[in-house]
Amino acid sequence: MLDEIFSKQKAAGEKSLEALKKDFTTLRTGKVNAHILDHISVDYYGSATPLNQVATILANDASTISITPWEKTMLKTIESAIAAANIGVNPNNDGESVKLFFPPMTREQREENVKQAKAMGEKAKVSVRNGRKDANDGVKRLEKDKMISEDEAKKAYDEVQKLTDFYTAKIDESVKEKEAQLLKV
């Protein structure tokens, strides 16, 4: 019974960490990453479709991303979707593909990305705390139904808090690593 509660909390903690790492891929560090375009969708025959499902996206070098659509008719649509996404660069259409040339990041941009990383970390911590609340509620239910003793419940609450502290520390560590990566010139 308690093992099930703890395993659910561990799964929720791991899920929060994975979501945080996925969120971090959308932040630009010193060199560009094709994941910066993950949130962009284009109109493909009347339905909103993720950009990576209608084109090949490559990071050519540290400051250039090339987007080659599978259908040439999508060039204008991709170009306008990127312009509307406001990612800080203007798309360049060369008739074959859309190229994005990213200028070197300024100190202010790096600091803004650090703020975003910290906000993402806080969001992940909230998720971990919600897992703690769910686990504590499960322990309370077991104690109320007389399935565990008061001493077992106390130990279970302590274990739930240990797991919460563990995942919170992991999130803090990830945020610190990302911050160092973002500020590195």
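Visitor: In which helix is the place of Thr168, and is Thr168 buried or exposed?

Guide: Helices here are DSSP runs of H or I with at least four residues, strands are DSSP runs of E with at least two, and both are numbered from the N terminus. Thr168 has its place in helix α4. Buried means under 20% relative accessible area, exposed over 50%, and partly exposed in between, with a 1.4 Å probe and protein chains only. With a relative accessible area of 17%, Thr168 is buried. Contact means heavy atoms within 4.5 Å, and, not counting residues up to four places away in sequence, Thr168 touches Lys125 and Val128.

Visitor: What kind of model is this, and how are residues numbered?

Guide: This is a predicted model, in which local features need pLDDT of at least 70 and side-chain atom pairs count only at pLDDT 80 or more, while totals for chains, interfaces and linings use all residues. Residues are numbered from 1 along each chain as its sequence is written, and side-chain values use heavy atoms, with hydrogens and water left out.

Visitor: What does Ala156 contact, leaving aside its neighbours within four places in sequence?

Guide: Ala156 also lies in helix α4, where it is buried at a relative accessible area of 2%. Leaving aside neighbours within four places in sequence, Ala156 is in contact with Leu2, Phe6 and Val139.

Visitor: How many residues has α3, and what span is expected of it?

Guide: The expected span of a helix is 1.5 Å times one less than its number of residues. Helix α3 has 38 residues and reaches 55 Å from its first C-alpha to its last, close to the expected 56 Å. Just after α3 comes Lys146, with a positive phi of about 60 degrees, although Lys146 is not a glycine. Lys146 is found in the loop between α3 and α4, and is exposed, with a relative accessible area of 74%.

Visitor: Where is Asn86, and is Asn86 buried or exposed?

Guide: Asn86 sits in the loop between α2 (75-85) and β5, and is exposed, with a relative accessible area of 66%. Asn86 is not a glycine, yet has a positive phi of about 55 degrees.

Visitor: How many bridges join β4 to β6, and how many join β5 to β6?

Guide: Two strands pair if DSSP finds at least two bridges between them. Strand β4 (residues 64-69) runs antiparallel to β6 and is joined to it by 4 bridges, with Thr64 opposite Phe101. Strand β5 (residues 91-93) is also antiparallel to β6, with 3 bridges, and Asn93 stands opposite Val98. β5 and β6 form a hairpin with 4 residues between them, and Gly95 in the turn has a positive phi of about 90 degrees.

Visitor: What lines the largest cavity, and what volume has the largest pocket?

Guide: On a 1 Å grid over the protein atoms alone, a cavity is a set of points where a 1.4 Å probe fits but cannot get out, whereas a pocket is an open set with protein on both sides within 12 Å along at least five of seven lines; lining residues have an atom within 4 Å of a point. Grid points are joined across faces, edges and corners, and a volume is the space filled by probe spheres set on the points. The structure holds 1 cavity of 30 Å³ or more, lined by Gln9, Ala12, Gly13, Val128, Gly131, Leu163, Thr164 and Tyr167. Helices α1 (2-24), α3 (107-144) and α4 (150-183) each supply at least two residues of this lining. The largest pocket has a volume of about 370 Å³, and of its 18 lining residues Arg28, Ile36, Ile87, Asn113 and Gln116 lie nearest its centre. Helix α3 gives the largest share of that pocket's lining, 5 residues.
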